[in-house]
Amino acid sequence: MEGCMAFDKELNLEATELRLGLPGIKESEKQPSSTIKSNKRAFPNMDEKSCGSKDSSKASHAQKCNQEIASPSKAQVVGWPPVRSYRKNCFQAKTMEAEAAGVYLKVSMDGAPYLRKIDLKIYKGYPELLKALEDMFKFSMGEYSESEGYNNGSEFVPTYEDKDGDWMLVGDVPWDMFISSCKRLRIMKGSEARGLGCAV
Amino acid sequence: MNYFPDEVLEHVFDFVASHRDRNAVSLVCRLWHRVERLSRQRVFVGNCYALSPEILIARFPGLKSLTLKGKPHFADFNLVPHDWGGYVQPWIEALSNSRIGLEELRLKRMVVSDESLELLSRSLANFKSLVLVSCEGFTTVGLAAIAANCRFLRELDLQENEIDDHSGHWLSCFPDSCTSLISLNFACLKGEINLAALERLVARSPNLRSLRLNRAVPLETLQNILMRAPQLVDLGTGSYIHDPDSETYNKLKHTILKCKSIRNLSGFLEVAPRCLPAIYPICLNLTSLNLSYAAGIHGSELVKLIRRCAKLQRLWILDCIGDKGLEVVASTCKELQELRVFPSDVLGVGHAAVTENGLVAISAGCPKLHSLLYFCQQMTNAALIVVAKNCPNFIRFRLCILEPTKPDPVTMQPLDDGFGAIVQSCKHLRRLSLSGLLTDRVFLYIGMYAEQLEMLSVAFAGDSDKGMLYVLNGCKKLRKLEIRDCPYGDKALLTDVGKYETMRSLWMSSCEVTLGGCKTLAKEMPRLNVEIINEHDQMEIGSEEQRVEKMYLYRTLVGPRKDAPEFVWTL
C-alpha cells in the first residue's frame, strides 16, 4: 500500500507538529490516489477460505477467480463487504439452488411413438437447443428468420406451449424469457405449422 | 435521602428504567447501590467475559431478565475463528444452581448448545422468554426441550441463527396445555416443519401477537393461520408462492382483510410477485417492512408495494430497489426513521444498484430519518454534505461503499469532508461506520465533533497513527472501536492506555500493531484482557516485532478467561 511507505516518512516529519487545524485548512499535500491502494494485506492471496463462508460450487469459484484476474481491486477480501454470514449464506444458497435445479421439459414430435425430456438449463441459447433437438429426433428444421419462421421448406417446425397455454414458435422471444415461460416443446409437422410465422 | 426507608427509594428507582441510568444510580452511595441492586430485575451484559456469572448472581439476586453478548462484532463477517468462545453454558449452569428465578434470556453472538437449552428448560421453572440473535451451536433438539419443558413460555424468537435442523418435530413438543405464546419466530430454520402441529399451536395461542414463519410453510398454511390469528401484529411469511387464480389465494385475500392489526411485515423468502396484491390492503397500516430476504420482489412490483406503505417507520430492503425506487420511498414514506439497504450481490464483485443519488433523495424526503445502513456502489462528498444538512438527527450512520478505498468518483477526492459534515451536523450521533477512501483528516473531524459517539467501525482508512489518536483523544463517550486494515501501530495503541478501561472493547486486525506493543499494553493494564488470535499458527512467542494479525482487548473484572482455545493468547 503506497500509504504504508509514505506514512513512515511522514511520521518523522510531522511527528512534532501540533496540527489541529479547523476543517477546511488544507494539510500538506497528500496525493489522493485515484488508483486503488493495493494494500498487500488487504487483498491476500485468494484461497478457498476467503471466498465466502461456505463451500461454493466449482462454477462460482471459477467465476470468482476469473473476476480476480480481471480486476484485482474488486478481489474478494475476507469479511468484505460486511454482511452477516447468515445473510450471505441465504443468498448463496439461493443462487446455488437456481444453478443446480434443471428445467426438464417434455418434447414431443408429431409421428414419433414416444416423447423425450430435455433439460433446458444446459443450453445457452437457441442454436444449441435447436441443434440438440435435431440430433435427438433426427430431422432438420432450417434457418430461423423473424418474418418467415423456419423456412427452406423443412418438414418440421419447433414450437412450444407457454404459460398461458398458447403454442408459440421457438425463437421469437429472448432466450431468458423463453426458458421461464416454456412449459413443453412440440416439433410440429410443417403442414400444420402454416400460420405460425410461416409467412405467405 | 438517608431518612427515607428503603422501600421509598426502591419505588423511586422503579421509574428509572434504562440500564445506564440504573448503573449511574448505583454509583451514588452505598445505600443507593444496595437498594438498586436488590431491586434490579433487568441486566444487560455487553461482553460476557467482562464478569463472571457468580459476580452477577451475587449482585442481583432479583434478576429476571438477562441480556448477554459474546463474540466481537466482526465475528459476523467471519473475522473471528469458529471456536473463539462465547459459550452460554457456564451462565446457565450458574443460574440453575442459584435461587434466581430467571424469566428472560437474550443472547447475541453466543455459542449455545442443545445441552444448555435443555438445562435451561429443566431448571428455570418460570422461564418465559428466549431470544437468540446470531447464535450457533444448537439444533432443533434443543428447541424441542424448550418447547416441551417451559410451561409458561411466552416468547421464542430466533433471529438469523445457524441452526442444525434435524426435523420439524420440535413444534409438536409444545404440550396441548401450552397456550401462553405471544411471540414465535423460526424464520431462520432451514428444514421442514410439521404444519399441522403449527396450525394447532396457533389455534390454542389466543395471545399470539408475533409470528414469523420459515420457508417450509406454504401459502395454504399461512391462510389457515391467519384465519385463526387475525389479531397478529407482526407477521413474517414463509413461502409466498401460489397460483393467483386459485381458491387458496382467493381465500387468503379475504382473510387478510380481517388482519387489521398487522404493523410489521417480513419474510417473502420465496415469492410469486403476482400474489402480492393480497397484502395491499394491510400496507397502509404497516410501520415496519422487511423485504431484505425477498430477492423475488423487484422492479415495478416492489415499487407498487412501497407506494402503499405511507406510514412506514422502518424499511429494510435490497439494493435492487435502485435509486429510482428510493425516490419512491422518499416521496411515500414521510415517517421513515430507519432505513437499511442491503446488497443483493453479497459477494461484492458486481455493481450495487444504489448510489449517492438514492441517499440524497431519501434525506430530502424523510426528515425523521435517524438510523441508516446503506450499501452502495459509490458516494460523493457533495451528497454527504447535503444528507448531513437534510438529516441532522442521525443516531446511527453506517455507510458501506462496496469497493474498499473508493474515492469520490466525481472529484477523485477522499470522503473526509463528507463524513466530516455528517459528524459536525449530527450532534446525537452514537454509531458510525466509515468506508471509501479516507485520510487522517476524517478522524480529526470525528475527534472534534462526534461528542456522543459510542461505536466506530473503520476499514481500509487513514494514513498514520494520528488517525486513531484523534479518535481516542476526542471521543469521550467511545465504547467500542473496531478497526481492520488500517496503518495504526504501537504508537497509536500505547499513547493513552487508560482510555481502554473506559471502553467496552477494541478490535484491531490487519493493522500495524506488534506483539511487543500488545505485551506492553497488557503489562500496563492488568484489568484488560489483551487477546491475540493466532489462527494459522504464524506467530512465534519470541519475536516482539512481528505484526499481530488480530487483536481483541476488553476490560474485565475477572482476568484471562479459562475457556480460550489454543489459538487465542491472552497476554
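This is a predicted model: local features need pLDDT of at least 70, side-chain atom pairs count only at pLDDT 80 or more; totals for chains, interfaces and linings use all residues.
The chain holds 6 helices and 7 strands, and reading along the sequence gives the order α-α-α-β-β-α-β-β-β-β-α-β-α. Sequence separation tells another part of the story: of the contacts in chain A between residues at least 6 apart in sequence, 49% join residues at least 24 apart.

Helix pairs come next. Two packed helices are described by the angle between their axes and the distance between the axes. For helix α8 (residues 195–203) and helix α9 (residues 219–228) of chain B, the axes come within 9 Å and cross at roughly 15°. An angle under 35 degrees counts as roughly parallel, and α8(B) and α9(B) are therefore roughly parallel to each other. Their crossing is right-handed. On the α8(B) side, the residues that meet α9(B) are Leu195(B), Leu198(B), Glu199(B), Val202(B) and Ala203(B); on the α9(B) side they are Thr221(B), Asn224(B), Ile225(B) and Arg228(B). By type, the residues of this contact between α8(B) and α9(B) are 5 nonpolar, 2 polar and 2 charged. The spacing of such residues along a helix has a simple background: an α-helix has 3.6 residues a turn, so residues three or four places apart point the same way.

A further pair in chain B is formed by helix α14 (residues 356–365) and helix α15 (residues 381–390), which pack at an angle of about 15° with their axes 9 Å apart. This angle makes α14(B) roughly parallel to α15(B). The crossing of α14(B) past α15(B) is left-handed. Glu356(B), Leu359(B), Val360(B), Ser363(B) and Ala364(B) of α14(B) meet Ala383(B), Val386(B), Val387(B) and Asn390(B) of α15(B). The contact of α14(B) with α15(B) involves 6 nonpolar, 2 polar and 1 charged residues.

Two serines of chain B are worth a look. Ser288(B) sits in strand β14 (residues 288–290) and has a relative accessible area of 10%, so Ser288(B) is buried. Apart from neighbours within four places in sequence, Ser288(B) contacts Arg263(B), Asn264(B), Leu265(B), Leu312(B) and Arg314(B). Ser464(B), by comparison, is found in the loop between β20 (455–459) and α18 (465–474) of chain B. Ser464(B) counts as buried because its relative accessibility is 4%. Between Ser464(B) and Lys491(B) there are 27 residues of separation in sequence and 9.8 Å in space, taken from C-alpha to C-alpha.

The last stop is helix α20 (residues 515–524) of chain B, where Leu515(B), Gly516(B), Gly517(B), Cys518(B), Leu521(B) and Ala522(B) are buried. What do the buried residues of α20(B) pack against? Their partners in chain B are α19 (490–494), β23 (528–533) and β24 (550–555).

Methods
Residues are numbered from 1 along each chain as its sequence is written. Chains are lettered from A and ligands numbered from 1 in the order in which they are written. Side-chain values use heavy atoms; hydrogens and water are left out. Buried means under 20% relative accessible area, exposed over 50%, partly exposed in between (1.4 Å probe, protein chains only). Helices (H or I, at least four residues) and strands (E, at least two) are DSSP runs, numbered from the N terminus. Contact means heavy atoms within 4.5 Å. Axes are lines fitted to C-alpha atoms, for helices over the stretch in contact, and angles run from 0 to 180 degrees between N-to-C directions. Angles under 35 degrees count as roughly parallel, over 145 as roughly antiparallel, 65 to 115 as roughly perpendicular and the rest as oblique. A crossing is left-handed if the near helix is turned anticlockwise from the far one by less than a right angle, and right-handed if clockwise. Ala, Val, Leu, Ile, Met, Phe, Trp, Tyr, Cys and Pro count as nonpolar, Asp, Glu, Lys and Arg as charged, and the others, Gly among them, as polar.
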